[in-house]
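Subject: Structure handover

Dear colleague,

Here is the structure I said I would pass on. My notes on what was found in it follow below.

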Amino acid sequence: MIRPIGRFLAAVGVGLCLISGTGCRNTNFISTKDEVRIGKDASAEVERRYKVETTTADARRVAAIGARILNHSDRREGVPYSFKVIDKNDVNAVSLPGGPVYVYRGLLDLLGSDDDALACVIAHEVGHIDARHSAKQMSQQIAANVGILVLLKGKTAQDIGSLTTDLLNLSYSRSDEYEADHRGISYAHKAGFKATGLLTFFAKLQEMEKGKQQGAEVLRTHPLTTARMDRVQKIIEKQDYRFGR
Ligand SMILES: [Zn+2]
């Protein structure tokens, strides 16, 4: 299931669709340039809204792991990746279109010093960006909302605020999760991390769910199912790390 995303996201998408003149049927009509622009606006809003760390030891650790992952990812051309920490206790990690990745402090606390697990989570987010999953959702929304016309030039701070909220709450489909997992553990493995780190992360989430009333945010945006865990286990057993190559 794809969660309906906000009107602004759809409106922006239609605007892009009309500006680019490529028609709305092609689900890949949002160009990398458009993605980067949307991600830039949304990340500026994230950094206005939350305390974002870029120079702390945690932020340096996240950025260093991100850089190692990028050496083995599939989509680097024209995509300005960044890896930062949001100082908030949610157990969550998010990626915005066109490169920005944020890891929440609550997730760092949950994983402790386990670099393999952290690398697999970061690589999973890179997998979503590489596979253009948020762009795909924007395109799908546009298909359902043809007729709304908002040109990007006219966007207001309020529009960007709604867009950012939509993007932070984007819930991925099962197949997008499988793809991001497969890409993620492939990148992490090639970067020298243990792919089993993703299973460690899943186990910690499950443990957390059992012990607390309030669940991890990451489970809402990246649903964890038995089928998903089984798939990751099988990829690791078969050592099938060559995603898309
Ligand atoms: Zn995901």
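Helix α3 (residues 57-70) lies across β1, β2 and β4, and runs at about 150° to β2. Angles run from 0 to 180 degrees between N-to-C directions, and axes are lines fitted to C-alpha atoms, for helices over the stretch in contact.

This is a predicted model: local features need pLDDT of at least 70, side-chain atom pairs count only at pLDDT 80 or more, and totals for chains, interfaces and linings use all residues. Residues are numbered from 1 along each chain as its sequence is written.

The sheet

The 4 strands form an open sheet in the order β1-β2-β4-β3, with mixed pairing. β1 (52-53) and β3 stand at the edges with a single partner strand each, so one side of each has no neighbour in the sheet. Two strands count as paired if DSSP finds at least two bridges between them. Strands of a sheet pair through backbone hydrogen bonds, either parallel or antiparallel.

Strand β2 (residues 82-86) pairs with β4 in the parallel sense over 5 bridges, and the bridge partner of I86 in β4 is Y104. Strand β3 (residues 93-95) pairs with β4 in the antiparallel sense over 3 bridges. Here A93 stands opposite V103, and V94 stands opposite Y102. β3 and β4 form a hairpin with 4 residues between them, and G98 in the turn has a positive phi of about 75°.

Strand β4 (residues 100-104) is largely enclosed by the rest of the structure, because 5 of its 5 residues are buried. A residue is buried if 20 or more other C-beta atoms lie within 10 Å of its own, exposed if 12 or fewer, and partly exposed in between, with C-beta atoms placed from the backbone. Both faces of β4 are covered, with P100, Y102 and Y104 buried on one side and V101 and V103 buried on the other.

Helix α5 (residues 115-130) has 16 residues and reaches 22 Å from its first C-alpha to its last, close to the 22 Å expected at 1.5 Å a residue. The expected span is 1.5 Å times one less than the number of residues. Of the 16 residues of α5, 15 are buried. Just after α5, R132 takes a positive phi of about 60°.

α5 and α9 pack at an angle of about 90°, with their axes 7 Å apart. The two helices are therefore roughly perpendicular to each other. Angles of 65 to 115 degrees count as roughly perpendicular, under 35 as roughly parallel, over 145 as roughly antiparallel and the rest as oblique. In this contact D116, A117, A119, C120 and V121 of α5 meet G197, L198, T200 and F201 of α9. By class, the residues are 6 nonpolar, 2 polar and 1 charged. Ala, Val, Leu, Ile, Met, Phe, Trp, Tyr, Cys and Pro count as nonpolar, Asp, Glu, Lys and Arg as charged, and the others, Gly among them, as polar.

G197 belongs to helix α9 (residues 197-211). It counts as buried because it has 23 C-beta neighbours inside 10 Å. Leaving out residues up to four places away in sequence, G197 touches D114, D116, A117, A119, C120 and A188. Contact means that the C-beta atoms of two residues, placed from the backbone, lie within 7 Å. The C-alpha atoms of G197 and A119 are separated by 7.6 Å, and the two residues are 78 apart along the chain.

Other helices

Helix α2 (residues 32-49) and helix α7 (residues 157-168) pack at an angle of about 90°, with their axes 9 Å apart. That makes α2 roughly perpendicular to α7. D41, A42, E45 and V46 in α2 meet I160, G161, L163, T164 and L167 in α7. The residues of this contact divide into 5 nonpolar, 2 polar and 2 charged.

The 13 residues of helix α11 (residues 226-238) should span 18 Å at 1.5 Å a residue, which agrees with the 18 Å between its end C-alpha atoms. Just after α11, Q239 takes a positive phi of about 55°.

The chain as a whole

The secondary structure comes to 11 helices and 4 strands. Of the 245 residues of the protein chain, 44% count as buried. Among contacts between residues at least 6 apart in sequence, 77% join residues at least 24 apart.

Regards
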